Amino acid sequence: MTDLTNYRNIGIFAHVDAGKTTTTERILKLTGKIHKTGEVHDGEATTDFMEQEQERGITIQSAATSCVWDNHRLNIIDTPGHVDFTIEVYRSLKVLDGGVGVFCGSGGVEPQSETNWRYANESEVARIILVNKLDRMGADFYRVVKQVEDVLGANPLVMVLPIGIEDDFKGVVDLLTRKAWIWDDSGDPTKYTLEDVPADMADKVEEWREKLIETAVEQDDELMEQYLEGNEPSIDEIKACIRKGTIALDFFPTYCGSAFKNKGIQPVLNAVVDFLPNPMEVKPQPEVDLEGHETGEYAIVDPERPLRALAFKIMDDRFGALTFIRIYSGVIEKGTTVLNTATGKTERIGRIVEMHADSREELDRAQAGDIVAVLGMKNVQTGHTLCDPKNPATLEPMVFPDPVISIAVAPKDKAASEKLGVALGKMIAEDPSFRVETDEDSGETILKGMGELHLDIKVDILKRTHGVEVEVGKPQVAYRETITQRIEDSYTHKKQTGGSGQFAKIDYIIEPGEPGSGFEFESKVTGGNVPREFWPAVQKGFENSMERGVLAGFPTLDFKVTLMDGGYHPVDSSAVAYELAARAAYRQSMPKAGPQLMEPIMKVDVFTPEDHVGDVIGDLNRRRGMIKSQEPGSTGVRIKAECPLSEMFGYIGDLRTMTSGRGQFSMEFLHYMPCPKNVAEDVIKETLEREANKK
């Protein structure tokens with residue numbers, strides 16, 4: 001039996017380029033897992049093993065690895081920072097017990113860190129904070145701590161203070177022990193000395209240490225009384241308080257360093273062991289029934305209980321499909337059979353492997369608290385629960401956002417078209433935010449995703465990993481349609497030529513619904529003019545018609561249909577007749593109800609140096625953007641705006657030109673808004689022309 005108190009399941013998450021992968025590399029080096037550190041900018045980082053990651057210097061898929069520090073086993077997931085891949089962060093946080101939020105010492109709290117922090121709050125994950133890159137120009141530890149309070153509304157508990165800054169950054173002072181960790185310039189993380197606090201920092205250290213102890217002892221009334229009487233608790237007692245407060249999410253122990261220069265990582269590893277929860281200290285996962293309602297039962301982390309495991313990631317590699325699972329309770333053994341509650345089918349566990357990025361170690365069994373990968377799963381998808389067939393239960397599933405952008409792809413030759421279907425099937429299993437559809441009229445394959453970069457990388461993976469060459473069409477925005485006026489109407493469907501015919505008459509009201517309400521149906525028919533058994537057919541007819549709007553064939557949002565009255569024939573009326581009547585009624589009435597085109601609006605966050613603020617704002621206004629706020633920082637200004645997605649294609653290139661390559665931006669979907677008349681006319685014209693050309 002392994003001792004679960006020595007387990008730490010943690011994730012490392014942050015804004016793109018804050019240094020997550022570099023931090024993971026240093027942790028692996030320090031724990032003896034790798035002997036040569038690979039650098040992100042050389043394309044050699046251990047956890048960035050996809051070719052696309054190595055070229056672009058970004059993390060695309062979360063990588064899992066395990067290592068040991070101070071007799072504790074750390075299961076680490078290095079997650080992507082780019083907004084198009086937040087789905088990877090979201091599903092990793094779902095199965096982790098703790099996290100390390102990395103912030104850039106000069107960039108501070110950047111847009112993506114906010115999104116990830118929000119996800120971590122929703123998943124109630126305890127975190128410690130690492131303010132990284134303190135060796136960079138413009139780095140300021142105290143400013144970032146203030147930003148964590150102001151922007152994230154979090155309570156950072158400062159545990160160390162930096163010695164020197166920018167080029168002079170030498171090490172950190174541990175506030176609890178009053179010891180200075182000083183690293184030499186050899187770049188070897190193990191070459192450090194423990195010294196007394198530098199004289200010029202003594203007052204500052206005492207001031208911050210007092211704050212630290214005051215916050216910590218609030219977790220224990222007895223210690224607090226002693227402290228107020230002038231007795232300082234022991235370091236072990238303070239640590240116990242910090243652990244309690246961190247797990248309760250009352251505060252977040254905050255560290256600093258420079259992962260690239262190998263300074264400041266050991267105290268962070270010690271904090272992971274000292275303050276982050278083990279699997280048994282986390283709120284257990286609620287179990288739900290098939291409709292998704294909580295049953296009141298929980299998956300308690302205990303190897304003796306029935307098996308409960310969540311598949312949180314599928315990855316296809318040269319050995320076949322790997323299913324990453326987090327085991328919440330029970331034990332999983334090679335060769336045994338488990339039940340997948342989502343499909344109702346059983347699956348045989350082929351091989352169990354412990355992952356280290358893309359290399360692996362074989363295991364015979366794994367138990368509650370472990371994160372492992374399983375080979376040989378047939379029909380398991382992200383978010384499915386695997387459990388004991390004799391004692392089934394479902395864990396709370398994951399919810400994924402809808403894609404906002406699509407491109408059409410066509411295989412370059414016949415050989416490619418055969419491989420395309422297989423490749424896309426594997427890619428959909430790996431990434432739940434990526435969807436594929438086939439356009440019935442033209443036979444084109446449509447890829448849908450979360451942003452330009454997301455789809456760009458999918459096409460790249462098709463080409464390199466699966467050897468499928470495709471031609472790519474222009475990106476298309478996922479427009480929607482809605483109506484603006486209430487209309488009362490009637491429709492009679494009649495086909496009566498000898499033998500049994502078809503007859504259905506419906507009187508109905510179509511009216512705009514509340515934004516976000518989708519489709520609503522109500523029947524107010526009395527007296528049996530439309531028999532009750534045909535109401536669902538009328539609803540189905542309207543609902544199925546929603547997929548195609550009357551303006552340009554985009555799906556219709558937010559409207560309500562009320563069935564008021566109608567007529568029927570004792571022989572010729574049937575469910576099919578009423579469904580056909582409803583479909584024809586939709587086509588007849590929607591054009592009269594003031595149809596309107598809706599476009600996706602994105603929440604855009606732009607960072608620009610001060611000299612270019614005017615140009616950036618002018619450019620966003622030209623793109624029909626609404627500026628929401630401007631926040632000056634030490635290295636530039638953050639502009640928050642709301643912009644239509646259709647105006648944002650190719651924005652990164654324009655932004656770099658305007659800001660001499662120093663601007664950055666991120667965007668995520670916000671909501672749908674009515675499209676201005678002139679834009680709507682152009683979109684409708686272009687869409688109808690495209691439809692005509694396909695035919």
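Helices (H or I, at least four residues) and strands (E, at least two) are DSSP runs, numbered from the N terminus.

Please keep in mind that this is a predicted model, in which local features need pLDDT of at least 70 and side-chain atom pairs count only at pLDDT 80 or more, while totals for chains, interfaces and linings use all residues. Residues are numbered from 1 along each chain as its sequence is written, and side-chain values use heavy atoms, leaving out hydrogens and water.

- Four strands make an open sheet in the order S31-S32-S34-S33, with mixed pairing; two strands pair if DSSP finds at least two bridges between them.
- Strand S31 (487-495) and S33 are the edge strands, each pairing on one side only.
- From one strand to the next, the twist averages 25°.
- Eight bridges link S32 and S34 in the antiparallel sense, and Asp-507 has Asp-565 in S34 as its bridge partner.
- H12 packs on this sheet by touching S32, S33 and S34, and its direction makes about 155° with that of S33; axes are lines fitted to C-alpha atoms, for helices over the stretch in contact, and angles run from 0 to 180 degrees between N-to-C directions.
- H13 also packs on the sheet, touching S31, S32 and S34, and its direction makes about 40° with that of S32.

**Strand S5, covered on both sides**

- Seven of the seven residues of strand S5 (residues 126-132) are buried, so S5 is largely enclosed by the rest of the structure.
- In a regular strand, side chains alternate between the two faces of the sheet.
- On one side of S5 lie Ala-126, Ile-128, Leu-130 and Asn-132, on the other Arg-127, Ile-129 and Val-131, and all of them are buried.
- Strand S4 (residues 98-104) runs parallel to S5 and is joined to S5 by seven bridges; Gly-99 has Arg-127 as its bridge partner in S5.
- Strand S11 (residues 252-256) also runs parallel to S5, through three bridges, and Leu-130 stands opposite Tyr-255 in S11.

**Where H8 crosses H9**

- The axes of helix H8 (residues 235-247) and helix H9 (residues 265-275) come within 9 Å and cross at roughly 80°.
- That makes H8 roughly perpendicular to H9; angles under 35 degrees count as roughly parallel, over 145 as roughly antiparallel, 65 to 115 as roughly perpendicular and the rest as oblique.
- From H8, Lys-239, Ile-242, Arg-243, Thr-246 and Ile-247 meet Val-273, Asp-274 and Phe-275 of H9.

**Cysteines**

- The structure holds zero disulfides, a disulfide being a pair of cysteine sulfur atoms within 2.5 Å.
- Cys-387 is buried, with a relative accessible area of 0%, and Cys-643 counts as buried at 0% relative accessibility.

**Around Met-224**

- Met-224 belongs to helix H7 (residues 221-228) and counts as partly exposed at 29% relative accessibility.
- Leaving aside neighbours within four places in sequence, Met-224 is in contact with Val-217 and Glu-218.
- Met-224 and Glu-214 are ten residues apart in sequence and 8.0 Å apart in space, C-alpha to C-alpha.

Definitions and conventions:
Contact = heavy atoms within 4.5 Å. Buried < 20%, exposed > 50% of the residue type's maximum accessible area, 1.4 Å probe, protein only.
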